[in-house]
Amino acid sequence: MAKLLIVVDMQNDFIDGALGTKEAVQIVPNVVRKIEEFRQSGDKVIFTKDTHFENYMETQEGKNLPVEHCIKGTKGHEICDEIKAVIDVDACKVYEKLTFGSSELAQDLRDGVYNDAESITLVGLCTDICVISNAMLCKTFLTETPVCIAADCCAGVTPDSHENALNAMEMCQIKIV
């Protein structure tokens, strides 16, 4: 494997659904281009999906963010159609995660599944919650592998929180490209 692209939570509910923003809608074409770029180079593309269930409002996250979203089996849980049009998501590794960072991705990073990646690039939503959480996991487990964030392929809860997250990651030696 040469490079690894992690597409974080590019799901309908984060783009134009329950928690969607105009900034999230605006990055979709950039994310599509980045996926195509990695595929054309023969690089690996994997995905994370925020995944909740009918009891979401009873969970700690649901009590802190009382907006049902990414409920498994709903359209909001699905990766957006624009991405599905350029890559067979079902043929890719997809990490369904119950919280901000993917514990299964962390296990695979720890277990060496991605040790041969020359670099890791993250794109997706939301910069200030799930992108930063998964970037820090990559940095934690693959300390000598460059971790990058494609800033124009990410959006935060707000433009300010997006910028704050980019600054925080840069301080942690994650390259913002």
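This is a predicted model: local features need pLDDT of at least 70, side-chain atom pairs count only at pLDDT 80 or more; totals for chains, interfaces and linings use all residues.
**Exercise 1. Describe the length and the course of H2.**

Solution. Step 1: H2 has 19 residues. Step 2: from its first C-alpha to its last, H2 reaches 29 Å, which is close to the 27 Å expected at 1.5 Å a residue. Step 3: look for a bend along the helix. There is a kink of about 35° at Val28, shortly before the proline Pro29.

**Exercise 2. List buried residues of H2 and state what covers them.**

Solution. Step 1: the buried residues of H2 are Ala24, Ile27, Val28, Asn30, Val31, Val32, Lys34, Ile35 and Phe38. Step 2: their cover includes strand E1, helix H1, strand E2, helix H4 (81-84), strand E4 and strand E5. In general, an α-helix has 3.6 residues a turn, so residues three or four places apart point the same way.

**Exercise 3. Describe the largest nonpolar core and the contacts of Ile83.**

Solution. Step 1: this core has 28 residues, and Val7, Phe47 and Ile83 have the most contacts inside it. Step 2: at least two residues each come from E1 (3-8), H1 (12-15), H2 (22-40), E2 (44-50), E4 (119-125) and E5 (147-155). Step 3: H2 gives the most to this core, with seven residues. Step 4: leaving out residues up to four places away in sequence, Ile83 touches Val7, Met10, Val31, Val32, Ile35, Phe47 and Val89. Step 5: another core, of 25 residues, lies apart from this one, and among its residues are Ile6, Val8, Leu142 and Leu166.

**Exercise 4. Compare Cys70 and Gln173: is each buried or exposed?**

Solution. Step 1: locate the residues. Cys70 lies in the loop between helix H3 (60-64) and H4, and Gln173 in the loop between helix H7 (159-171) and strand E6 (175-176). Step 2: read phi. Cys70 has a positive phi near 50°, and Gln173 has a positive phi of about 65°. Step 3: read the accessibility. Cys70 is buried, with a relative accessible area of 0%, whereas Gln173, at 64%, counts as exposed.

Terms used. Residues are numbered from 1 along each chain as its sequence is written. Side-chain values use heavy atoms; hydrogens and water are left out. A nonpolar core is a set of buried Ala, Val, Leu, Ile, Met, Phe, Trp, Tyr and Cys residues joined through side-chain atoms within 4.5 Å. Buried means under 20% relative accessible area, exposed over 50%, partly exposed in between (1.4 Å probe, protein chains only). Helices (H or I, at least four residues) and strands (E, at least two) are DSSP runs, numbered from the N terminus. Contact means heavy atoms within 4.5 Å. The expected span of a helix is 1.5 Å times one less than its number of residues. The bend at a residue is the angle between axes fitted to the seven residues ending there and the seven starting there.
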